[in-house]
Every structure is written in C-alpha cells, then in structure tokens.
Amino acid sequence: MSHYVAQDYEPITPAQCRERLAAGDCGRWWLPDGPLEVRGEARIGRLLMAHGAGSGQDSTFLERCRDALADRGVQTLAIEFAYLQQMRREARRRPPPRIDRLVEELMRWCDTLTHPALTPLWLGGKSMGGRVSSLLAARDGAAGLILCGYPFHPPGRSDALRLSHWPLIACPILVVQGSRDPFGSREEIAGYDLVGARVHLLEDGDHDWRPRRASGRTQAALIDEAAEVIAAFMVEHA
C-alpha cells in the first residue's frame with residue numbers, strides 16, 4: 001500500500017464511501033478492495049473507470065481523460081484491480097489474471113459504489129478495463145457503457161474477436177476509438193455487428209489516442225473531443 005499512502009489515500013469503509021459520495025465529496029480513499037479516486041461533480045452522471053492491462057489510473061492518458069470529463073460535469077470513479085496493486089507493491093510487471101476474476105472484482109466495486117441516493121453508475125474504461133466493464137454489463141446490466149479504445153481483438157489477430165457477449169448488453173454503449181487503433185481500426189470496425197452501439201472515431205488516433213505529428217492534431221485535442229462526445233452521450237441517455 002506504500003504507493004497509495006504516499007499519495008494520501010485515506011482508509012474508509014464502504015458505508016463511509018457511500019455517505020461521502022451522497023454528500024458530493026471527492027477524494028482519494030482506500031477501501032477493502034483497494035484505492036478509489038473520485039474526481040469531479042456529478043452534474044451529468046457518474047462513470048466508474050477501469051484501467052488498461054499494463055498501467056494504472058496514474059497513466060497520463062487516464063489522468064487527462066478524467067480531468068477532461070470532470071470539466072464537463074462527469075464524475076469519474078477510478079479503481080485499480082488487485083493485480084495492479086500487487087505490481088506496485090513488488091515494483092515489477094505482471095500480467096492480469098483471467099478476465100472472469102476481473103469481472104468479479106468490478107462487480108464488488110459496483111456493489112460498494114451503488115446506492116439509491118446516488119445517480120446510476122455508468123461503467124467503462126480504457127482497453128481491458130472497458131472489456132471487463134462490457135462483460136459485467138452483459139451479465140448484470142448497467143446504466144450505460146463508455147469504452148475507450150475497446151480491444152476488439154489482440155493486435156495482429158483480427159480473427160480473435162471479443163464480441164460474443166455484446167448481444168447480451170442491454171444498456172447504451174459508446175465506443176470512442178482511435179481510427180488507427182491496432183486493437184480495432186476504422187476499417188475493421190466497419191465490418192462488425194455492434195448491436196446498436198455508437199462508435200465515435202478520433203481521426204488519426206492510436207490506442208492511446210495519439211495522432212501522428214503530420215496530422216496536425218494532438219492527443220490533448222483528441223481527449224477533449226472524446227470528453228465532449230462522452231458527456232453528450234450520457235446526457236442523451238440520462
């Protein structure tokens with residue numbers, strides 16, 4: 001836990017967490033399942049964001065995304081899975097566990113962060129985090145899904161699609177994808193049956209929404225564009 005202590009994560013109980021969320025509080029808290037950072041006022045809604053496979057919530061990409069969403073009235077609730085917490089403790093990389101274990105972890109977080117006094121919880125996240133969220137939504141439902149750089153398939157393996165559970169998802173789905181994403185590019189996505197999901201392509205963006213210099217665009221501009229689209233989508237489906 002030393003990484004989180006250094007960043008002033010306050011230990012609290014799930015009941016205290018719900019009380020603080022209902023009061024509109026933000027902060028960095030340590031709960032039984034690990035760290036939670038709440039950023040922004042929920043003027044539009046609340047979005048539980050899960051991280052990608054290789055980096056946690058302190059990645060530049062997710063930090064900038066959460067700031068941009070907070071500026072537009074979307075409160076973000078950032079969690080880290082147990083394997084990522086272990087990576088920090090041991091100061092070495094390790095692969096994520098089986099996807100079903102991550103789905104169970106996310107379910108426990110949803111139980112902690114859901115309360116009748118709070119607005120419905122949207123699920124989503126970056127890459128693997130979005131995939132975990134979509135699997136949980138297919139199984140248990142959700143207010144909506146925001147999938148940032150969804151890993152439609154492993155890079156170089158376009159035949160290994162991760163879409164078999166999508167027909168079971170009944171909530172609104174927004175996919176925000178770089179047009180050059182190796183996990184699912186513009187050309188590949190055009191051939192998928194996404195069962196009513198809305199796709200917004202960020203021109204020339206890669207998996208982290210970084211455009212090539214020759215495009216004349218910046219990652220910051222693409223993140224701002226994505227935040228506008230996400231906020232508008234959540235308003236539309238409130």
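User: How many aromatic pairs does a search of the whole structure find?

Analyst: The search turns up 6 aromatic pairs. Bear in mind that this is a predicted model.

User: Let's take Y150 and W166. How are their rings arranged?

Analyst: That pair is edge-to-face, because the planes are at 70 degrees, and anything over 60 gets that label. The ring centres are 5.2 Å apart.

User: And where do Y150 and W166 lie?

Analyst: Y150 and W166 each lie in the loop between β7 (145–148) and β8 (173–178), so the pair ties together parts that are 16 residues apart in sequence.

User: Are Y150 and W166 buried or exposed?

Analyst: Both Y150 and W166 are buried.

User: OK, what about F152 and Y192?

Analyst: The ring centres of F152 and Y192 are 5.2 Å apart, with the planes at 40 degrees, so this pair counts as tilted. It links distant parts of the chain: F152 is in the loop between β7 and β8, while Y192 is in the loop between α7 (186–189) and β9 (198–202), 40 residues apart. Both F152 and Y192 are buried.

User: Which residues do ring pairs link into a cluster?

Analyst: Y150, F152, W166 and Y192 are linked that way.

User: Staying with rings, what sits over the ring of F61?

Analyst: The charged end of K126 does, 5.2 Å from the centre of the F61 ring.

User: Switching to pockets. What volume does the largest pocket have?

Analyst: About 310 Å³. The lining is made up of 22 residues, and G52, A53, G54, S127 and H207 lie nearest the pocket centre.

User: Which helices each supply at least two residues of that lining?

Analyst: α5 (99–113) and α6 (128–140) each do for the largest pocket.

User: How does the lining of the largest pocket divide by class?

Analyst: You get 9 nonpolar, 7 polar and 6 charged residues there.

User: And the second largest pocket, what's its volume?

Analyst: That one has a volume of about 210 Å³. It is lined by 16 residues, and C110, T114, L121, G141 and A142 are the closest to its centre.

User: Where does the largest share of the lining of the second largest pocket come from?

Analyst: From α5, with 3 residues. The elements that each supply at least two residues there are α5, β6 (121–126) and α6.

User: New topic: where is A227?

Analyst: A227 is in helix α8, residues 219–236. A227 has a relative accessible area of 1%, so it counts as buried, the limit being under 20%.

User: What is A227 in contact with, leaving aside neighbours within four places in sequence?

Analyst: A68, L69 and R72.

User: How far apart are A227 and F152?

Analyst: They are 75 residues apart in sequence and 21 Å apart in space, going C-alpha to C-alpha.

User: How about T76, buried or exposed?

Analyst: T76 is buried, at 0% relative accessibility. It lies in strand β5, residues 74–79.

Note on methods
Residues numbered from 1 in each chain as written. Predicted model: local features only at pLDDT ≥ 70, side-chain atom pairs only at ≥ 80, totals over all residues. Heavy atoms only, no water. 1 Å grid on protein atoms, 1.4 Å probe; cavity = no way out; pocket = protein on both sides within 12 Å on 5 of 7 lines; lining within 4 Å. Points joined across faces, edges and corners; volume = space filled by probe spheres on them. Helix = DSSP H or I, 4+ residues; strand = E, 2+ residues; numbered from the N terminus. Nonpolar A, V, L, I, M, F, W, Y, C, P; charged D, E, K, R; others polar. Buried < 20%, exposed > 50% of the residue type's maximum accessible area, 1.4 Å probe, protein only. Contact = heavy atoms within 4.5 Å. Phe/Tyr/Trp six-rings, centres within 6.5 Å; stacked < 30°, edge-to-face > 60°. Lys NZ or Arg CZ within 6 Å of the ring centre and 35° of its normal.
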